[in-house]
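Dear colleague,

I am handing over to you the structure shown below.

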Amino acid sequence: MNMYTESEYDIIVVGGGHAGCEAALACARMGLWTCLFAMNLDTIAQMSCNPAIGGLAKGHLVREIDALGGEMARVADRAGIQFRILNRSKGPAVWSLRAQADRVLYRLTMRDVLESEPKLTIKQASVERILTRDGRVTGVSTSHGASYGARAVVITTGTFLKGLIHIGLDSHAAGRAGEFPSLGLSDSLRDLGLKLGRLKTGTPPRIDARSIDFSMTTEQRGDDPPVPFSYSTEAITNPQLPCFITHTNEETHRIILDNLDRSPLYSGRIKGTGPRYCPSIEDKVVRFSERPAHQVFLEPEGLQTKEYYANGISTSLPYDVQVRLVRSIAGLEEAEIMRPGYAIEYDFVYPTQLRHTLETKSTEGLFLAGQINGTSGYEEAAAQGLMAGINAALKLKSKAPLVLQRHEAYIGVLIDDLVTKGTSEPYRMFTSRAEYRLLLRHDNADFRLSEKGFSIGLLDEERYGRFLRRKELLETELKRIGSLKVRAEEANPLLEALNTAAIAEKTPLLQLLKRPEVSYDFIRRLSPPPYEVDGELEKLIETEIKYKGYIKRQMEMVERMKRIEGRTIPPDFRFDRISGLSTEVLKKLEEVRPANVGEASRIPGVTPAAIALVMIALEKNRREKSRQ
């Protein structure tokens with residue numbers, strides 16, 4: 001095929017999913033001429049799995065994306081049709097926001113944002129090859145026979161790399177249902193020296209609401225008023241819809257077990273590794289055989305459709321079996337399946353081949369983000385896309401990269417886990433993955449990251465100004481509360497109503513607010529602030545006061561860890577000259593090439609004894625260089 005060069009850009013982003021959208025917007029907003037290639041312009045920002053944004057730990061990622069200047073939170077707010085803060089009964093470190101979204105409205109809103117960005121061009125084409133010269137990326141070529149020049153390329157292909165859909169024992173090539181896969185790009189990545197593996201994910205059937213007996217289910221409504229994701233959203237304006245809960249039963253499980261020989265997962269047709277923490281209903285029934293039932297959430301797909309997503313019964317069983325298993329569930333006895341569930345296999349790149357900037361170690365200027373790095377979920381993808389776009393732009397501007405540390409953001413935990421530990425199964429973010437989760441709450445993401453977003457030129461003046469006002473208000477109110485005391489005769493009636501101990505003398509309000517039973521409302525009733533304090537800020541004030549001691553201890557842990565992290569490892573450091581390292585440890589250190597001792601310590605299989613040997617060798621190396 002004769003190729004011709006059509007255009008030159010600063011940065012090309014390949015893939016129009018959640019990672020690609022954030023990457024393209026970040027690059028363009030930071031002043032780089034950017035082109036986003038999508039295989040189908042009508043499915044940009046498609047929510048190809050569940051119609052929801054956020055959830056446990058994922059909601060933290062969305063808030064962090066917003067604090068840095070990304071877009072997912074704002075679009076989720078404009079498309080949201082139910083908002084809930086999860087884990088309210090537990091500590092604030094694990095509270096997390098989740099929103100049901102109108103699938104079509106989300107996609108159209110994000111596309112409008114993309115098309116309104118002055119320095120961003122969008123094209124429909126299948127990118128087949130990455131072009132390089134002397135170990136550096138120079139552009140891409142497409143199946144149209146055109147090549148496009150670029151100084152950096154961000155690949156965000158999701159499940160499209162040699163995607164293969166399974167429904168029962170029938171399989172066909174696809175990037176997702178109804179869309180063509182990307183076939184040539186996997187080979188191009190291999191040609192660049194990258195090692196690829198195979199993963200699997202899946203979706204449940206979608207059901208016609210007119211065929212659901214909702215009286216047999218339990219209604220679940222959202223919070224009222226709804227709490228938005230973005231710090232710049234003043235109010236949620238969409239009508240809010242409920243979800244509904246039902247359960248599988250022994251008959252459902254019998255149908256599944258009787259048909260496992262027709263499951264591609266158990267017949268050996270699927271080779272890729274599936275998500276451990278979001279298994280198919282076949283997996284659940286087999287692995288948790290002692291459980292008589294599994295929860296099923298019926299989630300609305302949007303305001304203008306009758307389609308419901310049956311969250312909890314992801315499956316790749318044949319269509320006739322799907323009909324029977326769905327109709328065995330309470331409330332779904334007459335259910336009509338609008339779209340069957342399916343499993344999809346796809347290629348991914350082992351992420352230990354990336355730097356913390358998400359640039360590949362083998363090819364300069366080539367960045368990877370999203371499911372191509374072995375993750376699952378819209379939020380994990382968007383977070384990577386944002387960081388890949390930021391670092392691609394900073395690289396072209398000859399500025400220092402932005403690498404978030406584990407104590408700074410869940411995004412930092414996500415990327416550090418991927419590039420140091422790697423993954424052989426779809427990676428999902430959990431609060432338990434973060435050592436410093438009391439510091440990384442969803443309510444303080446702007447305090448942690450907005451300064452960084454503004455300093456790199458991504459967070460705009462208006463959003464940054466909003467953050468500064470919120471920061472000033474928090475500091476002012478904390479100072480005011482710290483100066484107040486209350487008399488016993490004023491406080492005791494309220495304390496008695498809260499079933500907490502009375503006071504005998506004038507007592508600082510700050511001290512009373514540290515009690516578990518006492519909320520900010522106690523302060524509002526005794527000494528209301530002379531300015532407006534919204535509900536989110538009230539909770540933040542409570543947390544900062546009640547958990548001050550714990551927060552201080554975690555900060556001390558961070559400082560101790562920083563001293564270890566500060567021991568940098570030179571890029572040309574010779575691990576093979578360290579006496580006493582096992583062959584296995586040496587292989588892992590050479591493969592990952594950690595930038596510092598902290599990263600080296602988190603590589604699976606690298607023991608504390610090995611780290612001690614590395615630190616001794618680094619000190620010896622430092623002394624030798626100082627004598628030269």
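In this predicted model, the second largest pocket has a volume of about 680 Å³. It is lined by 30 residues, and those closest to the centre of the pocket are Ser 230, Tyr 231, Thr 233, Arg 470 and Asp 534. Four elements, α2 (58-68), α12 (445-455), α13 (461-483) and α17 (535-546), each give two or more residues to the lining of this pocket. Among the contributors, α13 provides the largest share of the lining, with six residues. Sorted by class, the lining of the second largest pocket consists of 14 nonpolar, eleven charged and five polar residues.

I now turn to the protein chain itself. The chain contains 21 helices and 22 strands. Its radius of gyration is 26 Å, which agrees with the value near 25 Å that a compact globule of 628 residues would have. The C-alpha trace spans about 85 × 80 × 55 Å along the principal axes of the chain.

As to the interior, 58% of the 628 residues count as buried. Of the contacts in the chain with a separation of 6 or more, 73% are between residues 24 or more positions apart. The accessible surface of the protein chain comes to about 26,600 Å², and carbon and sulfur atoms account for 50% of that surface.

With kind regards

Definitions and conventions. Residues are numbered from 1 along each chain as its sequence is written. This is a predicted model: local features need pLDDT of at least 70, side-chain atom pairs count only at pLDDT 80 or more; totals for chains, interfaces and linings use all residues. Side-chain values use heavy atoms; hydrogens and water are left out. On a 1 Å grid over the protein atoms alone, a cavity is a set of points where a 1.4 Å probe fits but cannot get out, and a pocket is an open set with protein on both sides within 12 Å along at least five of seven lines; lining residues have an atom within 4 Å of a point. Grid points are joined across faces, edges and corners, and a volume is the space filled by probe spheres set on the points. Ala, Val, Leu, Ile, Met, Phe, Trp, Tyr, Cys and Pro count as nonpolar, Asp, Glu, Lys and Arg as charged, and the others, Gly among them, as polar. The radius of gyration is taken over C-alpha atoms; the globule rule is 2.2 Å times the number of residues to the power 0.38. Buried means under 20% relative accessible area, exposed over 50%, partly exposed in between (1.4 Å probe, protein chains only). Contact means heavy atoms within 4.5 Å. Accessible areas come from the Shrake-Rupley method with a 1.4 Å probe; for residues, only the protein chains shown count as cover.
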